Amino acid sequence: MTMQTDVKQSRLTQTGWIVQGPCRVKGVSLRNSTSAVGRVFLFDTSTAPVSATYAQSTTTVTVTSTAHGLSTGDWVGIGYVPDGSQRSATCGQYQITKTGADTFTITDPNSTTVSSSTVCYYVTGTSQWLYVKGLSAADQFINYELIPGEGIRAKQKVYTIMSSSIQSCIVYYG
């Protein structure tokens, strides 16, 4: 394997687009404040992810999103914020079951209980959830995570959602 020489970087200090086209995410570097737990989500999408809420009971995750417009069998890429007990559903790509105009369910591969009205973010169609990283409140140092192999492929653009305690996010891509 030869060294890749076309790696670039992009930095954000707030939620938004971090890479403006197809790429392979090679690494992520985060800096958190000392005041709160921090979390960053990356999505492969051409439109900003939808903010919704969810709850989980055993393996059933119920997502509430006003007038979501989805149908049973549609796929979503979804990232979950942990509840107050630091439990969350499993982020990933899932086929949904429509249960109402404002709700749908997902079958999580892991069983847990997550309290209602916990925040999640999702994308639909050919868009995908790519990555999540959480940092503890005391972890204020710059944290770098190398993504092995060829990296994570984004076919569209990369959108970053950052919790308010994240001071910066740098994505290395090629």
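This is a predicted model: local features need pLDDT of at least 70, side-chain atom pairs count only at pLDDT 80 or more; totals for chains, interfaces and linings use all residues.
Residues are numbered from 1 along each chain as its sequence is written, and side-chain values use heavy atoms, with hydrogens and water left out.

**Cysteines**
- Cys 91 has its closest cysteine sulfur in Cys 120, and at 9.5 Å that is too far for a bond.
- Cys 91 counts as buried at 17% relative accessibility (buried is under 20% relative accessible area, exposed over 50%, partly exposed in between, with a 1.4 Å probe and protein chains only).
- Cys 120 is buried too, at 0% relative accessibility.

**Salt bridges**
- The term here means a side-chain nitrogen of Lys or Arg within 4 Å of a carboxyl oxygen of Asp or Glu.
- Glu 150 and Arg 24 pair up this way at 3.7 Å, N to O. The pair links distant parts of the chain, 126 residues apart: Glu 150 sits in the loop between strand S11 (143-146) and S12, and Arg 24 in strand S3 (residues 23-32).
- Glu 150 is exposed at 52%, while Arg 24 is partly exposed at 28%.
- Lys 133 and Glu 145 meet at 3.8 Å, N to O.
- Asp 83 bridges to Arg 87, with the closest N and O atoms 3.7 Å apart. Asp 83 is buried at 5%, and Arg 87 is partly exposed at 36%.

- Strands are DSSP runs (E, at least two residues), numbered from the N terminus, and two of them pair if DSSP finds at least two bridges between them.
- S13 (residues 157-162) is mostly covered, with five of its six residues buried.
- Strand S4 (residues 38-45) runs antiparallel to S13, joined by six bridges; Thr 45 has Lys 157 as its bridge partner.
- Strand S2 (residues 16-19) also pairs with S13 in the antiparallel sense, over three bridges, and Val 19 is partnered with Val 158.

**Ala 154**
- Ala 154 is part of strand S12 (residues 152-154) and is buried at 1% relative accessibility.
- Leaving aside residues up to four places away in sequence, Ala 154 touches Pro 22, Cys 23, Asp 44 and Leu 130 (contact means heavy atoms within 4.5 Å).
- Thr 45 lies 109 residues from Ala 154 along the chain, yet their C-alpha atoms are separated by 8.1 Å.

Key. Helices (H or I, at least four residues) and strands (E, at least two) are DSSP runs, numbered from the N terminus. A disulfide is a pair of cysteine sulfur atoms within 2.5 Å.
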